[in-house]
Amino acid sequence: MDLKSLKQKISTLKSESSALINSSNDKGSLEKTYKSYLGKSGEVNLLLKSLGSLPQEKRKEAGMLLNQLKSDIDNSYKDKTSELSKAENELRLGNQKIDISLPSTSRTDGSVHPVTQTINEISDFFESMGFGIESGPETETDYYNFEALNVPEDHPAKDMHDTFYLKESGLLRTHTSPVQIRTMENKNPPHRIICPGKVFRKDSDLTHTPMFHQIEGLVVEEGASFAQLKGLLNDFLEDFFGREVELRFRPSYFPFTEPSAEADIKWDKSWLEVLGCGMVHPNVLEMVGVDAKKYSGFAFGLGVERMAMLKYDIPDLRLFFENDYRFLKQF
Amino acid sequence: MQFSRNWLKDFIDLTISTEEICSQLTMAGVEVDGYDSFNSKITGKDSIIKLDITPNRGDCFSVYGVARELAVINNLKLKHPKFKSIESSFKEDLRIKVCKEAPIYVGRSIKNINLKTKTLPLVAERLALSDQKLIDPVVDITNYILLELGQPLHAFDRDKLEGNINVRKAKEDENLILLDDQEINLSPDCLVISDEKKSIALAGIMGGKNTCVTANTKSIFLESAFFKPSVIRGRARRFGFQTDASIRFERGVDYKIQELAVEKASEILHETVGGEFGVIQESKLIKELPKTRKVSLDLDRANKILGTNITSIKAKKYLKGLGMNPKGSSRKLDLTSPSWRYDIEIEADLIEELARLEGYDSLPTVSLEPKLKIKSESKEKAISASLVSEGFSEVINYSFISEDDEIVFGESKKMVEVENPISQNMRYMRSSLFPGLINTFIHNLNNGLESQKLFEIGSVFGHKKSKKPSERTRISGLIYGDVSPIHWLDKPRKVNFYDAKGIIEKIVSSFDVAINFDPKSSDFFHPGISSTIYNDSKEIGLLGALSPNISGKLGLKEDVFLFSLDIEELKTKTLQKFTKFSKFPSTQRDLAFVVDKDITSHELSALIKSKGGKDLNNLDLFDVYEGKGVDDGKKSIAISLTWQSSKGTLLDSDIDKVVEKIVNSVKKELDGDLRN
């Protein structure tokens, strides 16, 4: 063999091997092809063995050419191997595909009663304003429910509350105002408190249940003013409904506040009563020993169910105490 | 109260619309329920205005009173009620004796009246518009005057009176049959009108049957009196009713209009039923009349409280309009309360008047400055959050329950009973939250909810030694059905005792309280599947399966589990500070013991803990087994133990010694053997 025909042979082998390697579809045939060139009795090895038949001065060049061929085939082989591995891997993962639309294992939470939720929402606002949350007993005495709140025995104002009386003694509180009295008795002013809780009135029809929830608030500070009361309630209602509200104050009557007011909000073009409020009556301050010359105060009260009905568009008050899961789950 | 808008024209020249009138009254504190417009055959275009008058504004309980309020608001002149005096033709021979509770009594006899006549059309129309039934001309006219002036009148049949009139306290156990035929039993704090033989009216509230005007009445005696609010208040309510007269007297009637009312009534009576009019008889105790109250107003303080800047000229104008006769220096005004206003007593009342006339809406508004307040975490909120994350729904039930429920579930020996319940099944204050939870559960079960997790946080009531009821705040819950909603990855399982126990432990874990369970139970629980929860020796809760006797009656297919804890016994945790953890490896051993069936897992694990040494830091019970391979009457309990020291790596040989000690103790104290 002369150098020329060797060079031709190398060129043929190079193109032939490259085509064969690239056309291999699996690792088995690739391996076979590889060995047919670079195996012990592969074509390249056979050529290496035949180098001796070349003249001495040509052997070096022929050796270099053959080594180049060897490394070319090697590289194509390695490239093809990794290409095939990648494809194999893709095929394997592809077969592991799951149905991602199947239901997850996340557990559905329960629900907080809308009354509690509304109390929490309202409390959050007042807590951010520096109000503490106070509570008191649901069974009360006439003194805390009426007398200390400037409602004397037999006063027509008592008719505003249809009171449940207890057989042994006492009554069920008709408002959470007794908590204000208890707080003022036990702590010194200034005060900023809200009192959420259950209240009871002997009333049962479409718009009344014998038990409902109230939140009352009290501020007793130096310089507490009606202007602040108006501002606070406006801020509160906008926070609660999450939008600007049109609010109107008009005079009303509560024995424990003077001046007294009722706050209405504009709802679907008409005015709707949402809050009772006023400046704490000096008699009330006097009865709990707060210096009315130094401190003034204001108070307000609202019905929790009523606020929740407005906010969440709940049509019937009685839904709150039926506890039907189709109602509760919505909140 | 409701009335015809055109009636107002008798006292005030108003040109504004009814809508505007209603809006003005509302914004002045005289609440308007609404108005209806219509055409009157007598007065033309008219409206019925409906008012909802607050207890402080008795002065607005008449057409004249409302006109007076509107006159002040609109700065108009108020026309005083006009009347043509009817001359008397005979002397009154009845004497009237008053008392301090009734300091004015004006009476007039009218003889030979003709009751066959008809009530005047305008009077009849106005009464009808005020929703007053027409009865007879005399009663109609007294009702008319009451609506117009706010002064209740009463007409007695003159011929049924026996001797002089005496206004006095009722006698003990005195009885009186009222106009509406009801017989009432009086007590000495009630005021009656009597003649020399009998009581003839419950003063200021209702007349008696014995002297009432009938179709045969020929002569009447007209009463126009002033009774003090304190002697009327609550009296009618005590007998379960109210009257137009009592509503007005208990709020306070103008004590200067009694004679006017008689004159005005006489004029209309004369025109309607005719007759001969006697001399107007008046009896008064001047000293006992309500005092004109003097009230001072510090204008600076008023402006401070309202956040306003009302000048003294303006304040004087407002207060003069209200009939309060303001006097004094520019910053400090002295006022007198008018005879028709019983709600003007102190400075705050005057501040309200200023605010009212200024208009609440035009008073300034300022935001309250927030203050920093360190929040204290609510126990109820924490409990609720952990239960909701476990899939529980919060319910709120009435605090009232039925006697039956209270007897079955009541935990208090002495029940708290409502004196005036709304219905028989709401007669008691609950001493347990369980009945409410069970009722809610049944309601939802009937609506197709087969698995439920419910809880309620609320007060329970009971009597201890004192008469005053005691209250405790409690968390109670109920679980029923599948432990979790069906899922394609899970095998369904029904809830059991240990789920309920787990909830208790979860709640307790966020508080600083150690609990232990004792198999002592309540009657409404299954005797073998229930427990009392203790903190030391104090009972703080319950849990268990509802007694099959009860659940069977309810037709339940599965066991219902109930639990409860007293929230007051759950002490809030103090701040948790970091504790160092060991960096050395831990050693684990699994041991299974075969013990008598009666030995509780608690007994076994307590013994192991006591013998496991100071480095035993975890104990997990991972299997309980009875059956093949374990002798009858025995069970196998498998426990995984973990030791770890903070000082170094523990040697196997040391652990072996501890395990041997545990095995020996279990043998000796519980007669238990290590299972092979």
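A helix in this account is a DSSP run of H or I with at least four residues, numbered from the N terminus, and its expected span is 1.5 Å times one less than its number of residues. The model described here is predicted: local features need pLDDT of at least 70, side-chain atom pairs count only at pLDDT 80 or more, and totals for chains, interfaces and linings use all residues. Residues are numbered from 1 along each chain as its sequence is written, while chains are lettered from A and ligands numbered from 1 in the order in which they are written.

Helix 4 of chain A (residues 56–95) has 40 residues. From its first C-alpha to its last, helix 4 of chain A reaches 59 Å, close to the 58 Å expected at 1.5 Å a residue. Its buried residues are A:A62, A:L66, A:L69, A:I73, A:S76 and A:K80 (buried meaning that 20 or more other C-beta atoms, placed from the backbone, lie within 10 Å of the residue's own). These buried residues pack against helix 1 (3–23), helix 2 (27–38) and helix 3 (43–49) of chain A.

Elsewhere in chain A, the axes of helix 5 (residues 114–128) and helix 10 (residues 304–312) come within 9 Å and cross at roughly 95°. Axes are lines fitted to C-alpha atoms, for helices over the stretch in contact, with angles running from 0 to 180 degrees between N-to-C directions. Helix 5 and helix 10 of chain A are therefore roughly perpendicular to each other, a term for angles of 65 to 115 degrees. In this contact (C-beta atoms, placed from the backbone, within 7 Å), A:P114, A:V115, A:T118 and A:I119 of helix 5 meet A:V304, A:E305, A:M307, A:A308 and A:Y312 of helix 10.

Chain B has its own crossing: the axes of helix 10 (residues 312–321) and helix 11 of chain B come within 10 Å and cross at roughly 95°. Here B:A315, B:Y318 and B:L319 in helix 10 of chain B meet B:E353, B:L354 and B:L357 in helix 11 of chain B.

The domain assignment of chain B, which is automatic or from a database, gives domain 1 (2–74), domain 2 (96–288), domain 3 (294–359), domain 4 (379–569) and domain 5 (587–674). The C-alpha centres of domain 1 and domain 4 of chain B lie 56 Å apart.

Between the chains, 74 residues of chain B are in contact with 66 residues of chain A. On the side of chain B that touches chain A, the largest share, six residues, comes from helix 11 (residues 347–358) of chain B.

Conventions:
Contact = placed C-beta atoms within 7 Å. Helix = DSSP H or I, 4+ residues; strand = E, 2+ residues; numbered from the N terminus. Parallel < 35°, antiparallel > 145°, perpendicular 65-115°, else oblique. Buried ≥ 20, exposed ≤ 12 C-beta atoms within 10 Å, placed from the backbone.
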